[in-house]
Amino acid sequence: MEAEFVTTSQDETIALGRSLGGLLRPGDVLVLTGDLGAGKTQLTKGIAAGMGVAGDVTSPTFTIEMVYRGSELPLYHFDLYRLSDPDELVDVGLYDVLGGDGPCVIEWGEQFVEQIGDERVDVFVSRLDGQVAPGVEPPRSLRLVSHDARGDKLVGALRDMVGGGARV
């Protein structure tokens, strides 16, 4: 299943993430793909807020993994930007949390989808720079593509919740 959402501000991207975060269950995996500044971390901030995470959420570029305590579940947040070899995934603890007690959000994980497996939803985040004048904050496209039955349910539930702006 696939759905696309367009957000027109940082607040809307965070709000979409908040809706998504409220739907996540243990073992859910989201692989976020997009250029620097596309909005991956803003989406993750919303996901964390939707899970009841109270603290500040930042991209773990140098620590590679951050664990946030939500009201019911932990959120495992990875940034694999600096990794280049699949063998490094063992060292950063990714395999320890996949399929575990909380959802896992992985930024820059597209190069490791074979190792991550098919039980995931890919989230492609793109700036729509061509739709606005230079210097104006552009809208974002967030396209979710599921690869398994749980992902289909997750994408469908988000589409049903958010409605209107989805393209399936």
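Reply: Let's start with the sheet: it is open, has seven strands in the order S1-S7-S6-S2-S5-S4-S3, and its pairing is mixed. Strands here are DSSP E runs of at least two residues and helices are H or I runs of at least four, numbered from the N terminus; two strands pair if DSSP finds at least two bridges between them. S1 (2–7) and S3 (65–69) sit at the edges with a single partner strand each, so one side of each has no neighbour in the sheet. From one strand to the next, the twist averages 20°.

A quick word on the source: this is a predicted model, where local features need pLDDT of at least 70 and side-chain atom pairs count only at pLDDT 80 or more, while totals for chains, interfaces and linings use all residues. Residues are numbered from 1 along each chain as its sequence is written, and side-chain values use heavy atoms, with hydrogens and water left out.

Back to S1: six bridges join S1 to S7 (residues 140–146), and the two run antiparallel. Phe-5 stands opposite Leu-142 in S7.

Now for H1 (residues 10–21), which lies across S1, S2 (29–33) and S7, at about 145° to S1 (axes are lines fitted to C-alpha atoms, for helices over the stretch in contact, with angles from 0 to 180 degrees between N-to-C directions; contact means heavy atoms within 4.5 Å). Thr-13, Ile-14, Leu-16, Gly-17, Leu-20 and Gly-21 of H1 are buried, meaning under 20% relative accessible area with a 1.4 Å probe, protein chains only. Those buried residues pack against S1, S2, H2 (40–50), S7 and H6 (149–162).

Key:
Buried means under 20% relative accessible area, exposed over 50%, partly exposed in between (1.4 Å probe, protein chains only).
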